[in-house]
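Colleague: I am new to this structure and would like to be taken through it. Could we look at it together?

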Amino acid sequence: MLRLIFTFFLFKFGHCFLMTAKSDVVVQSCVSRVISSIFGSESTLYYVFQGERRDALPFDVVNPIVTFNVSNPIILTGTRREKQFVIQWDYFEDDVFGKMMKSELWVHRFMGTSVFLIITKDLKMLTDLFFYMWQRGLIYVALMITHENAALTTLHTAFPFGPNQEIQWEMQFCEDPQMRNTILKPIKNYNRFVSYLMEPSITTWENSRINKLATGNLVTINALKETYNLSIKSVSKRPALFLNQHVFGITPYDLFSLKISGVTKPHLRGEWVWMVPQPKQIVGPAIFIRRFEVEVWIGTVCAFLGLTFVLWLALRKSDVTKICLDVFLLTIFGLIDKMPTTAMLRYVILLYIIYSIHIQTAYISNLVPSLTLPQYEKGIRTIEDLANSKFPIYDTESETDRSDIIPANDTTSKKALRSRINQKIIYLKLDENMLFDMLKEWNNFSFKATSFRVEQFETVRNYTIPNTIIDNAFSGLIQISYTMLTARGEHYFLDTLNEMVDMLTESGIYQKHERDVDERLQDVARSRMIPHEPVALDLRHLYGLFIIYGFGLAISFIVLLGECVLGRLSP
């Protein structure tokens, strides 16, 4: 009897064990099919769990797998921004995802474009887990609820942007041989979901005709509205958001700051333009003095004094006044009252006459254009000149918000130059248009702006900025991209923006609108140019000739006065 009872219980135990093992195999096969349908068979999977695992993984796939235990985190190298996660989350209070983020090995703002498959056994966690992930900006989520009965194992996905702001749920059973990937990535239909654009000052139709940045914004906004059924509003300040709203903005950045996260692919490229003070015009006596450098004037004076000293010694220290007058006549007219008889002295005087003729020719050649055309001091032409100048550099950014980006491939000299430029910067809480007006009025400082802003200011104000510097080797090119401004991490919207930017770039729509803006700007610029047409001759054009005539009269009067003095002093 005991043998019969023992055999009966042994049979029942074996039957239950076999059924459980068979059920585990079916569930493992189901998980593997789900992973293959969602992630494919080539991408790397990050399997995240908590506690010690002595059993095998709950799936069998050919994908490369990286295991990550939140209880004992390890540093992972070679990680990318976009990842595929399989999270074993048995109990909601375990907060496996929160512990993974607290390990400081992952950056939350990179998670928005990642795909998550959560495996759990608790059906009650369904709604809580989805809302938990959505509040952290993680939209691409699937939840698999396993059961001892393989027929009750289900796969759930949810779409938070359904019609009338309702959540769309979708469920599949493990027994379904055609397991589908129901995660929408990127989202194709937002059902009039409200999004805010933080750049209202230039996103208008009027500015879009003369500003490439505004043109690109309007093109992108209209395409987003039509393609993805999205509602976009422009705001000047960040609004108070509900849980189903987000904000994106426009960010310019240069080639050296590509490591900045949370930005889309660039849809517009431009240059940094340095506005520098216009050089002052040379007027009055400075026109005659600045025809030569200081070294030339010093050489001329030394030659004059040297010849005077030689004649004074050769003529046995005769009258100094007469000798100075003879040298002066020799310098201006090439004449001398009495030629010395010594051959060596005549040779010296001949050399001096040749030198004076060359100096006078060069001086007059430089003087005549200076009297007919406006002449200016040497201005700031390079970044090096700006760093060495006495002018301050103004910036509208906050000192606490800025980041001095120094490229890794900078040479030592360029790093030193960049440091000197940064030390000259003074941060002001002013609008950029005010800086343009201040530079036009005061002409005593410098600042940097994008080429789009410069073009818009010149067109609106009908004014051409006279002095600018474009140095891409130092400042780098700029690229305009869209970036998420919210702190809650809704970076999933970047997928939609990236797809739209790619579509508009490949179709050439951005380039077409940029060419249209360039043509309008060129038309306006041509209207500002001074026409090169014949004009009537008036006294303003004879100003230089009168100066030369007056200069000649002054010299003639000085010579006459000298002759009269010498005539009275001679016996």
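Colleague: Which residue in β16 is the bridge partner of D395?
Modeller: In this predicted model, D395 has Y427 of β16 as its bridge partner. The strand β15, residues 393-395, is joined to β16 by three bridges, and the two run parallel.

Colleague: What is the strand order of the open sheet with five strands?
Modeller: The order is β16-β15-β17-β12-β18, and the pairing is mixed. At the edges stand β16 (425-427) and β18 (468-469); each has a single partner strand, so one side of each lacks a neighbour in the sheet.

Colleague: And which strands does helix α12 touch?
Modeller: Helix α12, residues 432-442, packs on the sheet and touches β12 (272-275), β15 and β17 (446-450). The direction of α12 makes about 135 degrees with that of β17. Helix α13, residues 451-461, also packs on this sheet, where it touches β12 and β17. For α13, the angle with the direction of β17 is about 100 degrees.

Colleague: What follows in the loop between α13 and β18?
Modeller: N462 is found there. Its phi is near 55 degrees, a positive value in a residue other than glycine.

Colleague: Do β6 and β7 run parallel or antiparallel?
Modeller: They run antiparallel, and six bridges join β6 (residues 154-159) to β7. Within this pair, F159 has Q168 of β7 as its bridge partner.

Colleague: Which residues does the cis peptide bond join?
Modeller: The bond joins K185 and P186, with omega at about -5 degrees. P186 has its place in the loop between β7 and β8 (193-198). R192 lies in that loop as well, and its phi is near 65 degrees, a positive value for a residue other than glycine.

Colleague: Why does R192 count as partly exposed?
Modeller: Its relative accessible area is 48%, and partly exposed covers the range between under 20% for buried and over 50% for exposed.

Colleague: Finally, which residues form the nonpolar patch on the surface?
Modeller: The patch consists of M344, Y347, L350, L351 and I354, with about 520 Å² of accessible area together. I354 lies in helix α9, residues 343-372, and is partly exposed at 41% relative accessibility.

Notes:
Residues are numbered from 1 along each chain as its sequence is written. This is a predicted model: local features need pLDDT of at least 70, side-chain atom pairs count only at pLDDT 80 or more; totals for chains, interfaces and linings use all residues. Side-chain values use heavy atoms; hydrogens and water are left out. Two strands pair if DSSP finds at least two bridges between them. Helices (H or I, at least four residues) and strands (E, at least two) are DSSP runs, numbered from the N terminus. Contact means heavy atoms within 4.5 Å. Axes are lines fitted to C-alpha atoms, for helices over the stretch in contact, and angles run from 0 to 180 degrees between N-to-C directions. Patches are made of residues with over 30% relative accessible area and no salt bridge: like charges are joined within 9 Å, nonpolar side chains (Val, Leu, Ile, Met, Phe, Trp, Tyr) within 5 Å. Accessible areas come from the Shrake-Rupley method with a 1.4 Å probe; for residues, only the protein chains shown count as cover. A salt bridge is a side-chain nitrogen of Lys or Arg within 4 Å of a carboxyl oxygen of Asp or Glu. Buried means under 20% relative accessible area, exposed over 50%, partly exposed in between (1.4 Å probe, protein chains only).
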